[in-house]
Amino acid sequence: MSHVIIDINTQKDIITARQNARDMAKDMGFKLADQTRLATAISELTRNVIQYAVKGQCRISDDSDDTHKRVKVEVEDYGPGIPDIEKAMTYGYSTGRGLGAGLPGSKSLVHEFHIESKPGYTKITVSMKKKR
Amino acid sequence: MPQNTLQQKVAQMMTGRSKEILKAWSERLRSLLQPNTLRVIGEHHLASQTETLFSSLMVSMSSGTSEDIHEPDFENTIEILRNISEYNARRGISPVETALFVMSLKDALLSFLQEEFGKDPMALNAEIIRLNQISDRMALATYEAFTKAREEIISQQNQTILELSTPTVRLWDKILMMPLIGVVDTIRASQIIETLLQAIVDTESHVAILDVTGVPIIDTQVAQHLMKTIIAAKMLGASVIVTGISPDMAQTMVKLDIDLGAVKTCGTLRIGVAEAFRIIGKKVV
Amino acid sequence: MKIPIMKLKGILLTSIPEELTDEDAITFQGDLLHQVNRYEARGVVLDISSLQIVDSFMARVINETANMVGLLGAEIILCGMNPSVAMTLVEMGRELINVKTALNVEQGFEIILALIQDEDMKGVS
């Protein structure tokens with residue numbers, strides 16, 4: 001199974017998404033600590049989708065290449081977007097409950113983190129990687 | 001589809017005289033390799049390597065059109081070369097010797113080509129050029145695979161070193177000690193927390209003593225790593241005592257405004273252990 | 001999902017299951033507080049060893065639950081946190097604050113019992 005797409009509409013989907021992320025990481029040979037980190041980050045991101053965008057999508061894929069094993073997760077939504085990404089990524093926001101809160105925390109858990117956001121569309125891409 | 005009848009002839013020659021060429025190559029290779037290398041690889045395995053490579057090359061050259069070794073025809077040959085290279089790398093055989101595989105094969109093929117096409121200098125020339133190009137690319141692939149394998153080995157060894165350098169000691173029932181030795185950077189910090197937490201779970205310890213005598217520098221970053229380690233251990237139900245902060249360290253830490261907060265620190269390990277026993281005594285064991 | 005809460009020597013014992021929706025978590029919080037009140041429980045032993053993934057929401061629920069139980073006058077102890085979870089919480093900056101913890105339910109229970117006995121001896125009811 002090289003990729004999985006999960007619609008994020010309900011709270012149960014948060015659970016599905018994070019479990020799938022964990023399982024994919026596990027199948028690809030990532031250690032437990034990294035599986036947990038990834039799953040936790042996905043939980044945060046998909047929860048944001050439910051809270052602020054009502055619905056979205058989570059795509060989990062095996063993005064490995066010759067040198068590294070990489071599990072990539074893209075969380076997309078068509079919600080209001082994050083007004084000030086820079087601010088949202090500072091730690092001052094991390095313990096709040098507002099839009100984008102939890103982003104810095106998620107970033108610190110994963111190896112690669114990329115945000116694209118504008119009113120009407122947000123996509124956050126994260127990945128865990130390890131040398132083959 | 002071969003575009004070149006000369007190529008077909010070469011392919012035919014290789015097929016027709018394969019036994020001879022293989023023999024010539026093997027002999028040449030053996031004469032060039034270090035005796036130790038021969039021993040490490042083993043006669044049987046060496047024979048298997050040369051035969052497999054040769055068969056594959058024969059197929060590649062007879063089916064291929066060109067010098068372009070990236071074509072699918074050559075994929076198999078490259079793959080075999082990579083395997084040979086990796087096999088050798090893991091046994092500590094030098095890359096030069098692995099490259100000799102390719103070069104000695106080229107030498108052998110060259111002399112056969114000269115025999116077959118000696119009377120047609122133009123054709124011979126074309127073939128020699130082609131052979132050189134193929135052989136160069138094979139040698140490069142070999143070297144690349146070798147480097148990659150070495151890097152993997154080094155990486156694995158580094159991992160082992162990381163794990164070995166974060167030992168935990170079971171001082172007493174329910175008391176764990178972890179002497180931190182060396183520089184605490186982000187990678188090690190992660191390893192340290194993991195090791196410590198797992199040890200706490202495995203030994204069901206109530207107290208973990210983190211001894212930092214062997215840590216040369218405690219700056220803000222290191223202190224942050226330490227704090228994270230301590231908090232994590234506490235969430236597992238263990239108390240943490242930090243021992244081994246030297247007078248110099250203490251000065252630096254205060255100057256840098258590093259506050260370990262509520263973390264219990266003791267000057268020496270001895271006092272730390274006494275404190276650990278005190279804590280155990282208070283808790284129901 | 002109804003989470004069972006057991007009563008033993010004035011101490012409530014309960015275990016959070018592996019996968020809990022946000023709603024279930026809040027419901028659980030309410031149930032627990034209700035039970036603490038109803039049985040005038042002196043202590044709560046909360047087993048979190050089944051939790052493999054604890055994100056900021058769950059961490060907050062746990063923290064809040066501990067504070068709320070404290071306000072009701074009972075001691076509470078969290079048992080069996082998974083090492084991976086501990087690491088993740090610390091890395092995210094969402095560690096539990098000022099909550100008693102124990103390696104497992106057995107130890108947790110003993111600690112709570114000891115605390116209650118201490119209180120009784122000092123005459124605090």
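Two strands pair if DSSP finds at least two bridges between them. With that in mind, welcome to this predicted model, which we will tour one chain at a time.

**Chain A: paired strands**

Let's start with a hairpin. In chain A, β2(A) and β3(A) form one, with 5 residues between them. The two strands, β2 (residues 56-62) and β3 (residues 68-77), run antiparallel and are joined by 7 bridges. To see the pairing for yourself, find Arg59(A), which stands opposite Glu74(A) in β3(A).

Strand β3(A) has another partner too: β3(A) pairs with strand β5 (residues 121-131) of chain A in the antiparallel sense, over 10 bridges. Here you can look for Asp77(A), which stands opposite Thr122(A) in β5(A).

**Chain B: an open sheet**

Chain B holds an open sheet of 5 strands in the order β1-β2-β3-β4-β5, with mixed pairing. Which strands lie at the edges? They are β1 (169-172) and β5 (264-266) of chain B, and each pairs on one side only. Ignoring direction, neighbouring strands of this sheet are turned by 30° against each other on average. One of the pairs is β4(B) with β5(B), which run in the parallel sense over 3 bridges; Val242(B) stands opposite Thr265(B) in β5(B).

| Strand pair | Sense | Bridges |
|---|---|---|
| β2(A) and β3(A) | antiparallel | 7 bridges |
| β3(A) and β5(A) | antiparallel | 10 bridges |
| β4(B) and β5(B) | parallel | 3 bridges |

**Chain B: two helices**

At 1.5 Å a residue, its 16 residues should span 22 Å, and its end C-alpha atoms are 23 Å apart, which agrees. Among the buried residues of α9(B) are Val222(B), Leu226(B), Ile230(B) and Met235(B). What do the buried residues of α9(B) pack against? Their partners are α8 (186-203), β3 (207-214) and β4 (239-243) of chain B, together with α3 and β5 of chain C. Just after α9(B), Gly237(B) takes a positive phi of about 95°.

Now find Ala108(B), in helix α6 (residues 95-117) of chain B. Is Ala108(B) buried or exposed? A residue counts as buried if 20 or more other C-beta atoms lie within 10 Å of its own. Ala108(B) has 21 within that distance, so Ala108(B) is buried. Leaving aside neighbours within four places in sequence, Ala108(B) is in contact with Ile21(B), Ala24(B), Trp25(B) and Arg28(B).

In chain C, the axes of helix α1 (residues 22-39) and helix α2 (residues 56-71) come within 10 Å and cross at roughly 10°. Angles under 35 degrees count as roughly parallel, and α1(C) and α2(C) are therefore roughly parallel to each other. The residues of this contact divide into 9 nonpolar, 2 polar and 1 charged. Among those that meet are Leu32(C) and Leu33(C) in α1(C), and Val61(C) and Met68(C) in α2(C).

Finally, how many residues of chain C are in contact with chain B? There are 15, and they touch 15 residues of chain B. On the side of chain C, α3 (83-92), β5 (100-102) and α4 (105-122) each supply at least two residues, and α3(C) gives the most, with 5 residues. By class, this side of chain C has 11 nonpolar, 2 polar and 2 charged residues.

How values were computed
Residues numbered from 1 in each chain as written. Chains lettered and ligands numbered in written order. Predicted model: local features only at pLDDT ≥ 70, side-chain atom pairs only at ≥ 80, totals over all residues. Axes fitted to C-alpha atoms, helices over the stretch in contact; angles between N-to-C directions. Helix = DSSP H or I, 4+ residues; strand = E, 2+ residues; numbered from the N terminus. Parallel < 35°, antiparallel > 145°, perpendicular 65-115°, else oblique. Contact = placed C-beta atoms within 7 Å. Nonpolar A, V, L, I, M, F, W, Y, C, P; charged D, E, K, R; others polar. Expected span 1.5 Å × (residues − 1). Buried ≥ 20, exposed ≤ 12 C-beta atoms within 10 Å, placed from the backbone.
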